[in-house]
Each structure stands twice: as structure tokens, then as C-alpha cells.
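Visitor: May we look at this model together, one question at a time?

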Amino acid sequence: MRLLFFILFFGIFRISNAQDSIRVTFTEEESQETFVKQRFVDRYENVFMTKVPTRHMLKLGLAFTPNYIFSVENAANNTTQVELGYEYKVLPSWSVGADIGVSGGWGNNAGLEGLISGKIYTRWYYDMRRRIREGTGSNNFTGNFLAVIGERQWGKEIVHNQLKRIGLEFGLQRRFLNRGRLELGIGLYYQDYRQDGDPLLLAYEFGKSSRIAIASRTSMGLAFGDWKRQKNQPFCEVLRCDDFVQQLWKLQWPTVYISPDYSNGSIGLAYERKLKSSPFSLNTQFSVNYMRIVSRDYPTPGARLTSNDYQLQSTLHLRYYTDQKKAIRQGTGGNNLSGLYVAPYVHHLFYHSETYFGEGKSKRHLGLGAAAGFQQVVFGSAFIDVSAGFSHNLLKITGNSRRYLGYFRMGFGLVL
């Protein structure tokens with residue numbers, strides 16, 4: 001009897017114990033938010049080469065600076081320079097470098113004119129050591145910096161001029177993929193401006209001789225150095241080849257030059273929208289240029305004249321992206337607003353000048369023409385738009401207007 005009771009008790013104990021010992025398993029699943037964040041960090045490092053050591057860099061590209069003279073009748077393109085430079089890392093946070101730049105064009109008032117510039121600089125990448133210490137960067141040229149710059153310019157416009165200046169610049173430099181490079185900067189300068197030419201025209205030009213000036217600068221192009229090239233580059237991570245883009249708001253990167261006697265600035269805003277899912281789009285844009293000159297000691301010693309010039313331009317493009325269908329078919333691009341395009345366009349330009357010693361004059365151009373260009377959206381947050389066009393003036397031609405007007409424009413800015 002006792003044996004039977006023991007067996008029964010033992011069986012009940014096993015059953016109850018088995019009921020309390022249900023097998024539990026644990027699994028770990030990575031958070032989607034963490035995965036997306038890590039993927040962005042990896043993509044950023046791969047694209048901008050933040051962890052690739054670099055000590056030498058040869059730079060070739062275009063530099064965009066504020067224009068000294070702008071008008072409808074002046075076709076010289078002194079705002080864009082072809083630039084060649086070299087930068088060398090002395091220490092992880094310290095580099096030295098030199099640049100030379102050349103620009104030129106044809107101005108109806110001065111014939112062939114242009115500008116040659118040369119500068120030397122030293123840069124302090126103030127956040128470089130911290131990034132190296134934290135493992136988020138390496139000894140290279142991708143970072144924010146403070147720079148001391150010495151520069152000299154030689155130019156031929158309506159008068160010959162020479163400029164010497166020294167200044168302090170705050171800026172950022174980003175290198176992307178194997179050969180890409182971008183620089184943005186704004187500086188405070190002390191300068192000396194000398195001219196030789198017609199004494200009457202010197203009064204018009206004298207406003208640029210201000211000793212103190214604030215000026216912006218943008219430079220972009222190719223870079224060559226001692227880094228190891230990547231074989232499988234994430235082009236589509238940068239260009240977002242497969243994204244469907246229906247519309248874009250685009251802000252043109254502003255240029256600024258401010259001094260007591262001479263100030264200059266430009267900015268533009270554009271909106272582009274696809275026509276359904278076709279390779280056609282409508283692009284409308286509006287830009288403003290402003291210039292202020294204070295002329296002293298003209299027409300009499302002690303005299304002071306202030307001149308305000310401004311130019312307003314609005315343009316409507318009907319763009320056709322010529323290679324979009326082929327790119328979609330081959331899997332090398334998406335249904336977006338990037339690529340080569342051709343475009344009939346209409347634009348209106350109004351230019352008002354007080355420059356010539358207070359004698360105001362205005363010009364208008366209502367043009368119908370054709371253009372061709374290339375636009376590329378990068379990372380979904382920036383764009384490059386290079387275009388050239390030629391238009392016929394639909395308005396009555398007067399002494400202050402022209403029958404035809406051509407342009408070459410490179411736009412760079414942010415996607416809003």
C-alpha cells in the first residue's frame with residue numbers, strides 16, 4: 001500500500017513539475033530604426049570618405065565668387081573661375097595650400113576682359129582631432145576649418161586693376177566618392193585695391209577700394225590624391241537613381257560681397273514639376289542681383305554719390321530629359337528630374353542702373369529661345385544645374401536693349 005502511494009505521489013509530482021517547466025525561448029530582433037541609422041552612417045562614410053587617410057590633394061574645378069559688374073550689355077563672366085590648387089596636410093588638424101584661378105569673357109564696354117588670381121593659405125580643421133579620437137574620421141581633408149588667406153588679383157575690365165588682401169575665412173570642405181570635391185566659405189578681408197585707367201571711370205570703380213570686405217566663395221570640382229580608390233562606389237546612394245521625383249523646390253546658393261563703399265549679392269529660387277510620369281517638366285525660376293556703389297570725390301572733391309543697380313530675371317523652361325527613358329530601361333536611372341535636357345523657354349529680364357554717375361537707365365528683355373543643359377540631384381538635398389541658351393527679344397528694340405541675348409549659367413544650391 002505504501003509502495004502504491006509512493007508511486008502515485010511521485011507521478012503527480014512529475015506532472016505538476018512538468019506543467020511549471022514550460023520551455024521558454026528568447027530571440028533578438030534588430031530594431032528597424034537602429035538598422036536605418038547604421039545604414040545611413042555607413043553610407044555617409046562611404047560616400048564622403050570620412051575614414052580614408054589623405055595627406056596630398058590636387059584640386060581642379062570651378063570657383064564661384066561675387067561679380068563686380070553685371071548688366072545686360074556686359075557679357076563677361078567674371079563670377080566663375082577655372083581653378084587649380086594643391087593642399088598638403090602638415091598635421092592632422094593643420095594644412096597649407098595654394099590656388100590659382102583664371103576667368104574671362106567678352107564685355108561690350110571693354111572688349112576682352114578677365115581676371116587672374118593667386119592665393120596661399122593655411123587651414124585649421126578644428127574638429128579633426130576629436131573625430132579621429134572618436135573613430136568617426138581620419139587624417140584627411142573632409143571637415144570644417146578656419147583659414148588665414150593671402151590673395152592677389154590682376155584684372156582687365158573697363159580699367160586695369162590690382163587687388164591684394166589678407167583675411168580670415170570660415171568654411172567646410174567635403175570630398176565625395178573617388179574624385180569629387182566641394183568647398184563653401186565666407187571670409188573677412190583687409191585689402192588694398194589699385195587701378196590704372198581713365199580718371200573719370202575711376203570714380204565709378206573707386207567703390208571697390210574699401211579696406212574691409214566680407215565675401216563668400218564656392219568651389220567644386222575634381223580631386224586627386226594619395227588615397228586608395230574604391231572599386232564598387234555607391235553612385236546610386238548619392239544620386240538616388242531609382243527614386244521617383246515628382247517635384248523640386250530649389251534654392252540657388254547665394255553670393256555675397258559687403259564693404260562700406262561697394263556691395264554685391266545674388267540669390268535665386270526655382271520650382272520644377274514633372275508632367276505626370278513623362279520625361280517632360282516645367283521649371284520656373286526667379287533670380288535677383290543687387291549692387292551698391294558709393295563713389296567719392298566726384299564730380300568735385302568731397303562729393304559722394306550712391307548708385308544702386310539691380311537685375312530681376314524670371315524664366316520658364318519646358319524641359320525634356322533626353323536620356324530618361326533609356327536610363328529607366330537599362331536600370332541606370334529613375335523617373336526623376338536629373339539628366340541631360342533640352343528646353344524651349346521664355347524669360348523676362350529687367351535691369352536698372354544708376355551706376356553712371358547718377359544717370360538712371362533701365363533695360364528690358366522679353367526673350368523666346370532654346371536651351372540645353374544638365375541637372376543632377378545629389379543625396380536628395382542638393383542640386384547642380386548647368387545650362388546654356390539663346391533667345392530673341394520680342395520687345396521693340398531701343399538704344400538700351402538688344403535683339404538677341406545668350407547665356408551660360410551654372411546653378412548650385414539646396415533642394416528644399
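This is a predicted model: local features need pLDDT of at least 70, side-chain atom pairs count only at pLDDT 80 or more; totals for chains, interfaces and linings use all residues.

**Charged pairs and the fold around them**

Visitor: How far apart are the closest N and O atoms of the salt bridge between Asp385 and Arg319?

Guide: A salt bridge is a side-chain nitrogen of Lys or Arg within 4 Å of a carboxyl oxygen of Asp or Glu. Asp385 and Arg319 form such a pair, and their closest N and O atoms are separated by 2.8 Å.

Visitor: By how many residues in sequence are the parts tied together by this pair separated?

Guide: Strands (E, at least two residues) and helices (H or I, at least four) are DSSP runs, numbered from the N terminus. Asp385 belongs to strand β15 (residues 382–393) and Arg319 to strand β12 (residues 304–321), so the pair ties together parts whose separation in sequence is 66 residues.

Visitor: How many salt bridges does a search of the whole structure find?

Guide: Side chains of opposite charge can pair when their charged atoms come close. Across the whole structure, the number of salt bridges found is 14.

Visitor: With which residue does Arg123 form a salt bridge?

Guide: The closest N and O atoms of this salt bridge, formed by Arg123 and Glu183, are 2.7 Å apart. Arg123 lies in strand β4 (residues 111–124) and its partner in strand β7 (residues 180–196), so the pair ties together parts 60 residues apart in sequence. Arg123 is buried at 2% relative accessible area. The partner also counts as buried, at 2% relative accessibility, and the name asked for is Glu183.

Visitor: How far apart in sequence are the parts joined by Arg217 and Glu183?

Guide: Arg217 forms a salt bridge with Glu183, with 3.1 Å between the closest N and O atoms. Arg217 lies in strand β8 (residues 212–225) and Glu183 in strand β7, so the parts that the pair ties together are apart in sequence by 34 residues.

**A buried arginine**

Visitor: Which side chain of opposite charge is nearest to Arg131?

Guide: Arg131 is found in helix α3 (residues 128–134). Lys and Arg count as positive and Asp and Glu as negative, while His and the chain ends are not counted. Arg131 is buried yet has no salt bridge. At 4.8 Å, the nearest side chain of opposite charge is that of Asp127.

**Other places in the chain**

Visitor: In which strand does Arg364 lie?

Guide: Arg364 is partly exposed, with a relative accessible area of 48%. Contact means heavy atoms within 4.5 Å; beyond four places in sequence, Arg364 is in contact with residues including His348, Phe350 and Ser401. Its strand, covering residues 361–378, is β14.

Visitor: What is the relative accessible area of Tyr88?

Guide: Tyr88 lies in strand β2. Not counting residues up to four places away in sequence, Tyr88 touches several residues, among them Arg55, Trp94 and Phe141. Tyr88 is partly exposed, its relative accessible area being 26%.

Visitor: Near what value is the phi of Lys276?

Guide: Most residues other than glycine have a negative phi. Lys276 lies in the loop between β10 (262–274) and β11 (280–296), and is exposed at 74% relative accessibility. Its phi is positive, near 55°.

**The whole protein and its confidence**

Visitor: Which element has the lowest mean pLDDT?

Guide: pLDDT is the predictor's confidence in each residue, from 0 to 100. The protein has a mean pLDDT of 77, and 71% of its residues reach 70 or more. Strand β2 (residues 80–91) has the highest mean among the elements, 91. The lowest, 44, belongs to residues 2–19, which form helix α1.

Methods: Residues are numbered from 1 along each chain as its sequence is written. Side-chain values use heavy atoms; hydrogens and water are left out. Buried means under 20% relative accessible area, exposed over 50%, partly exposed in between (1.4 Å probe, protein chains only).
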